[in-house]
Structures are given as structure tokens and as C-alpha cells.
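Today I'm looking up pockets and salt bridges.

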Amino acid sequence: MLYDLVSPYNSGHLKVSDIHSIYYEESGNPNGKPILFVHGGPGGGTKPSCRQFFDPEFYRIILFDQRGCGLSIPSAEIKQNTTQDLIEDIEKLRKFLNIDKWILFGGSWGSTLSLLYAINYPQNVSGIILRGIFLGRDEDNYWLYQKGASYYFPAEYEEYSNFIPENERGDLINAYYKYLNSSDQNVAEQAAYHWSKWELGLVTMKKLPNLEEILSDKKSNLELARLENYYFVNKIFLNDDNFILNNASKIKEIPTILIHGQFDMDCRPVGAYLLHKALPKSKLWIIQESGHSGRDGHINEALMQATEYFKTIK
């Protein structure tokens, strides 16, 4: 059971570049153990319910929206927006909030960004809780956006791929880039709808009953689709396809819990297993009857157990 929703006691925008300002907020205990919620996407943004995974009497709960999404401004902007930028934004936020060390709590792309931040700044991380681990490799993107998950959701995949002209379907990620960044806003929004519908249709074991209602938010669709696509076209701005596993030794001493749904169709469980092998001191919890979303099946219960566990870690 999630904690009751609490309101932020501090919020605002932190200017991080010439054009970007990121939204941040703090709730819970101002003197509590700092924990940072790192959202998915890229482009997923946060919402108030993200605060509910944490005991507000124990934790200093920090949420932020990454560049180009949520309450950050400008919306869906890909200029000055790279993985390295996001890593440094987290570090700027840590310094701005006068935090010595914090726990990273990330899901999906949020797990990727959390790992990359920790690899760059291990001295500033007291613990890591990850859900739906995404290693950001070419094979991970190929599985979701080209061929793999397509075998399990053939009708949905057909709708997703059919938006692209037949002669461009050999590389759907690169093909979508043109349409998501079209100067015709209507074309961009249509592309964003189809990209987002494909991905969001896979995040839970049972179909989201309100999927079309979620997809009616054109701003959120464009932020998610345009930013995800842009990052994946650019191979998440890393020059090593296996960067996380090849650098995992830098975070091997940080207490880490890895949580992954057995039937996660967005991010395959093998990624979590390989990361666990690279971090032998980590705990790996494969959750049965659960998919990708932090609210699916028993995932939320596992996340709550993880935050309870970290209350005991100094």
C-alpha cells in the first residue's frame, strides 16, 4: 500500500542551460534521508503520485523533471539535451539543495540515468533502488522498437509500424525521427501518438483501461516520443554500447536493489540479471505476475519494501 499523498514544502525551477530550466520539488521530512526520484522516458516527467513510494516522516523526497518534459521548460526541446547534460543537471540539483549524499530511485530510463550518474559521481550516492532496468544498448532498443516485443503484440505493432511508409520500416527509430520533428505540428503529434501508444500499451500485463485518455494529452505524448526517439537515435550519447556493464565496478560498493517484473515487455529481465552479475553485492528481486510499470502487479509492493529496507542502511 502506497503512502498518503503529501504536498511539497519547496519547489521551483533551476536554470541549467541557456534555454533549459528544470522543475524540482521537495516533500516529506526536510531533515530526513534524501532520496531522488529519477523518472523514465526520456521525457516521461513526474506526477504527484511519485511521492507516494516513500515514508514522508523518514525521507526527504526530491522529484525533478528532466529537460524538455513535465513542468520543466521549454517543452519537448531537444537542443542542449543529452545524457551528459542530464547527469550534470542532477549534480547541479544536489549542490543547489545542499545535499551531501542521496539515494537514487529510478525506473526504466530512470534506472539508466541513475546508473550513469552513480558511475560518474559514486561518492555522492548512498544507495540505489532500480525498477525495470534498461541498459540502453542497441539490442534493448531493437527489442522494443523494431523486432522482439512485436512478436507478443502483433496487432499493436502493426499499428505502430504502419504509421511509417513501408519503404522506411527497416529502421523504425530513425524513421520516426523525421516525423516527430516535422515542422508540421499535426504530423509531429500524430507520430507522437503512435509511438506513445505502442510503448504505453506494453507497460502493464493487463491493458491500461484508460490508455486513450492518457494519449489525449498531446503535450505529454510529444515530450515522451520526441525525447525518447532523439536519445535512441543518438544511442543515448554514449560511445560504448555496453557502457553501464563495462563500468559497473565503479559502483560495486553502493548498496543496490534491482527490481524487475518477470513479464516486462519494455525492458527484458535479462538486463537486470546481467547488471546483478556485474554488481555481486546487489539484491535482485524478480517479481512474478508483473510487467514493466512501477504500478503493475506486485512491483509497487517491492519498491515499498526497498524503501523500507534503506531506512536501516546508514
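I'm working on a predicted model, where local features need pLDDT of at least 70, side-chain atom pairs count only at pLDDT 80 or more, and totals for chains, interfaces and linings use all residues. Residues are numbered from 1 along each chain as its sequence is written, and side-chain values use heavy atoms, with hydrogens and water left out.

**Salt bridges**

I counted a salt bridge wherever a side-chain nitrogen of Lys or Arg is within 4 Å of a carboxyl oxygen of Asp or Glu. That rule gave me 19 salt bridges.

I looked up Arg137 and found it bridged to Glu139, with the closest N and O atoms 3.6 Å apart. Arg137 is buried, at 6% relative accessible area, while Glu139 is partly exposed at 42%.

Next came Lys219 and Glu223, whose closest N and O atoms are 2.6 Å apart in their salt bridge. Both sit in helix α8, 4 residues apart, about one turn of the helix. (Helices are DSSP runs of H or I, at least four residues, strands are runs of E, at least two, and both are numbered from the N terminus.) Lys219 is partly exposed at 42%, but Glu223 is buried at 2%.

**Pockets**

My pocket rule runs on a 1 Å grid over the protein atoms alone: a pocket is an open set of points where a 1.4 Å probe fits, with protein on both sides within 12 Å along at least five of seven lines, and lining residues have an atom within 4 Å of a point. Grid points are joined across faces, edges and corners, and a volume is the space filled by probe spheres set on the points.

The largest pocket comes to about 1,200 Å³. Of its 39 lining residues, Gly44, Gly45, Lys47, Leu200 and Ser293 are closest to the centre. Helix α8 gives the most to this lining, 6 residues.

Where does the largest pocket lie? Domain 1 (8-137 + 239-312) and domain 2 (139-237) both give residues to its lining, so it lies between them. Those bounds come from an automatic or database domain assignment.

The second largest pocket has a volume of about 170 Å³. Its lining includes Asp138, Tyr142 and Phe232, and α3 (138-145) supplies the largest share, 3 residues.

Note on methods
Buried means under 20% relative accessible area, exposed over 50%, partly exposed in between (1.4 Å probe, protein chains only).
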